[in-house]
Each structure stands twice: as C-alpha cells, then as structure tokens.
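Trainee: I am new to this structure. Please take one part of it and look at it closely with me.

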Amino acid sequence: MGNATSMAQVTIKAIVLGIVLAIVLAGANAYLGLFAGMTVSASIPAAVISMGVLRLFRSHTILENNIVQTTASAGEAVAAGVIFTMPALYLLGYWDTFDYAWVTAIAGIGGVLGVLFSVPLRRALIIEQKLPFPEGMATAEVLKSGAEGGGGVKFLAGAALAGGFAKFCETGLRLWSGTAEGAAYIGRSVGYVGTNVSPALLSVGFIIGLNIAIVVFSGGALAWYVLVPIYSAMPSLDPNLAAYAATNPGAIDLGYFIWDTKIRYVGVGAMLIGGVWSLIEMRGSLVASIRSAAHAGKLKAGAGKVPDTEHDMPLSWIVIGSILMIIPIYALYHNIVASVGVAAAMAVIMVIAGFVFSAVSSYMAGLVGSSNNPTSGMTIATLLFAALVLAALLGRDAANGAAAAVMIGAVVCVAAAIGGDNLQDLKAGYLVGATPWKQQVMLVVGAVASALVMAPILNLLLHAYGLGPATAETPNSLTAPQATLMASVASGVFGGGLPWDMVGLGVAVGAVVIALDKWLAHRKINFRVPVLAAAIGIYLPLELLTPILFGGILAHLVSRWNARHADAGTRERNLRNGTLFAAGMITGEALIGIVMAIPIVLSGERDVVAIADSPFGGVPGLAVVAVLGGFLYRAATRREAV
C-alpha cells in the first residue's frame, strides 16, 4: 500500500465518523452482551460502514478508513469489559443503579490503560512472532478491497451477503437453531457432540490455520470427552452435582451444568499458568520492544531513521499516562474500602493484572480473534486473586469485599478487552501501511467516547428490561450471564463454594501442555501446542470450537491443492481470494448481528422478525455452512484468473 506519509489518516471526517460509530457499536454490543453473554467484533463492520460513508466524500484514503474502524472498534471492546463485570455490582446489591461518574471513570481508565499496556506488544506479537490476528487480517483485506476494487470485491461482497443472510435466517427469522448438538447417557456418563453453525467461526478457523484450530479444539475435547464424562459418572464428588443429578436432567443439561460449574474453571487455571508462562516466553520480545520504543522516541519520525509505519506512541506517553490513570483509580478504591493500605494494594493488583492480562488478551486475540477471546476467563482469574488478597486484608465477612474485587476486575476486564482489540487494529494497520501511534491515539479517543455513554446505556437497559433472573416485574430480564458468573466468583471467595480443585487441575494441565510444547520445539517439530490456545478450548463451549476445527481442516485442504496444482502467483492470488471470502462471511454475520440489535431493543422482543421457531434444529444451518464452505474452497483453489 502507499506510504503513510503521503496519505491522509487522521482527518476531521475520520474522527467524527469514528466516534459516532464507536458510540453506536458500544450500545448495540452492550445489549447483545447482557442478552446473550457475548459481543460481536466491531472492526470489520466498522470498516464496511466507514467505506460506504467515506465514498460520499470527494476524497478519501484507505488509511482514513483504517482510522475510522480503529476508533469505532474501541466501542465494542469497552462495552464488553463493562457488561461482563459492572452489572455484577447490581446483582450483588452493591448498586441499585449505574452511577455515571463511577461507570465512566472505570470504563475510561480501563480503556486508556488497555491501550497503553498493549503498545509495547505490537512489535513482539505482530512483527516478531507474526501471530495471525484473524480479524485484523480480515479487516485489512476489507480495506484493501474497498481501495482497489477489482475481482477481490466480488468475493468479499458475495461472501458478506451469504454470511449475513445465513445469520439473519438463524437469528432473525429463526428458520434454524444456531447450534446442532445432542447428548446421551453412556452408562452413567454424558456423551456429547455438537457444533455451532456459524459461517464466521468457520472463517476464523480458515484464517488461523489447522495447527491452532486443532489445539483449540483439543482443549474442548479434553473438557467434554474426558472431564465431563468422568465427573458425570461420579456425582458423589460434589453435593451440588448430586442434587442436580437427582432431578433426572437430560444428558445435555447435566453436561452443561458440569462444564459451567466445574470444568470451565480448569480453563481458568490453565489460563493462569499460561498467562504467566507466555509473559516469560515473551520477555525478550517485550524488553526489545520497550527498548525500541524508548530509542524511537529520541529520533525524529519520518527523517529516514524511524519510518512512520514503525512509529509507536512514545514510551514517555505510556509511562506518564499510566501513572495519571492509576491515581484516580486509587481514589475510587479508597472510596470503597476506606483504607489507604488496602486501596494501595488494590491499585497494585489492578496494575499488575491489567498489564499481564492485556498482554495475554493480545496474545490470544492473535490466535483466535477478538470475538472468541475469553476475556471473561481472564477477569475471573483476576477476581480470584484479588478476592483472596482482599479476604486476607479485610476478612471474609467484609461487607464490601466482593464489590471491591469486582471493581478491580472491571478495570482489568476493560483493559484486557481493549488490549486484544488494539492489536487486531494494529495488525490491520501494519498490513495497509498505517502509522501505529496515530491508531493508538485514536483508540484512546474511541475508548473515552464509548466510556462516556456506557452508564446511560446500562441504566436504559436496566429500567427497560431488568438484569438477572426473570421475575413477574421483569419477565424479559437480560440474564447478563458473564456478570452473573463474576458475582458468583466474587461472593464465593468471601462466602465459600469455589471449585479450587478444578482451578488447580487446570494449572496442572497447563504445565503438561507447556512441557509438551517445549518437547516439540526441542525435536524441531513444526506442529506446536500453545498453552493459551488449549486453555481457550477448555474455557469456551465445544460447539464454538467445532466449526473452527472444520475451518482449519479446510485451510489445510486448500493449501495442499494449491501446492500441487498452482504456481507461485496463482497460490498468492488464491490465498488472497480465500482470505477475502472468509473475511466477507465474518463481515456479513457481524453486521447482521449488530443490525438485529436495533429492532430487538426497540421492541423488547427477541423474536421480533421471526417467522418460525427453529423447527428442524440446527440441521438446515449445517447444510448452509457446508455449502458456504464449498464456495470458500472454490474461491481459494481457482486455476483461472479472476
């Protein structure tokens, strides 16, 4: 792409459009997260919307478009961090409404820290380790296609229409279910098989490739094909499990109960050791990146010494900005616990956990993308540690202990969500020739703009629907599944009941995976098993991992075909077309996911445009994904020019 110095990047229209989209996407994803427990990555939808709007102007550049999507994507990340944690304060009874100053401060500080903490990681993860960052790659292809036109647009647009139509048929019209799954009792054990029917997840698997797809799926297989069956066969291991099993639930209900209340924490333990190990492994790259940033700050960018495409935010900005953010967060914590020492301990925990999990989040986003990045798992790990420290300092009967732990987790969760999002955007910018520091500054702008509207959005949803379990007064209450889990973890430390044995098992599993990966590296075997990829698999539902595996297999088949039947130029073209097609399916599904939030919010009905109630389950969706997978294979294995 063109040189960054010769193209407009941060312009008035890009700033205004980016801020507006950040606010809109933050609102849409706040509802979706409280409603369904997950958010939709905003980078690709923002790039597509921006592309359409900027075409109305006489002049625009690909780098302006990149700045818009960078700014806008911060809205989704801030929304994710907020709705995964802050509603827990309402569910715990600490808040009866969402205070504007508190929510804005926590969301804004967490967002800014997430950007600052992740800046030194750009060189380490994008340039040196060359992590795929699938949504960043897909966003770059969207931006390139919009700027270049030509045959690539056909693949992108066609795939976007197909992916969007499939999502609308599932989520909107309810012609089929989003999953095709089943379970049965095999003796006393639960046997499960299932897959999501998302074209976007198939596309993520195609982009990340077979190796990571296998490792991620293997984590889920360990959870569902080993641990869940063992645990279900021995209900006496846990009184709560025995009580639930006594109600004679269906096999699938029992399986999910065991996974959600027990096995999922194995993934949390694996993330704990995996996060620490990843930082140890990245220590050389991190130190080199920090030294490089310090050295670059002494040179004049654009003077033939530091190219604009390598010019990060100055290290002095990062240090000063971090200090300025820590001071108000300390004041907030002191307001909760009324103790200088405890508030200082909370601030220290927040800083350490914020940096660690911003790095871990960035690494995992590089493997499986922001949408599949288990930020809530990292937040749970933070909550566990913070709650234990606070319980030791305040006592297990402390009135505000659980709320204080959630406050720490909230800042860390926002920072981690922004960290992963930041690196996705920087990957896209790296591929299109953008200036990193300009993207980093605009991410701060987008994060702050989104933070300013989160409290009104949360209060609107609270008063319109309610939060937590449905009641006679709030029959359409938003369940806020992630925040409910956070509340359970925080209160569990102070009241007891957390599955520490499962967390410890996860640490052991993570240690075994690390040892296996080191052995593979020693034997110079290309196949690797990153511990965080395995931890993601244990923590996420298996049905989300199955299409990712199929996507990885499809990418492998494409690679084999091109190696046998195509020359170097054709292979490069086919790779581009395949990535474009995959990016298009992600784009279409993400756009429809956000657009569908509008009539749902306005009507208060989940099935506002439904014409059926998934009469055939997920079978039609399986057929649609299979057909789209065939088209993806065809797009990436063409002999003739397009």
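Trainee: Leaving aside its neighbours within four places in sequence, which residues is Asp425 in contact with?

Mentor: Keep in mind that this is a predicted model. Beyond its neighbours within four places in sequence, Asp425 is in contact with Ser43, Asn66, Gln69, Thr70, Ser73, Gln439 and Leu443. Now place the residue. Asp425 lies in helix α17, which covers residues 401–432. Is Asp425 buried or exposed? Its relative accessibility is 1%. Buried means under 20%, so Asp425 counts as buried.

Next, look at distance along the chain. Asp425 and Ala74 are 351 residues apart in sequence. In space, their C-alpha atoms are 9.6 Å apart.

Now take one of the contact partners, Asn66. Asn66 sits in helix α3, residues 62–83. Asn66 is buried too, because its relative accessible area is 0%. Set aside its own neighbours within four places in sequence. Asn66 is then in contact with Leu143, Asp425, Ala428, Gly429, Val432, Ala434 and Gln439.

Key
Residues numbered from 1 in each chain as written. Predicted model: local features only at pLDDT ≥ 70, side-chain atom pairs only at ≥ 80, totals over all residues. Heavy atoms only, no water. Helix = DSSP H or I, 4+ residues; strand = E, 2+ residues; numbered from the N terminus. Buried < 20%, exposed > 50% of the residue type's maximum accessible area, 1.4 Å probe, protein only. Contact = heavy atoms within 4.5 Å.
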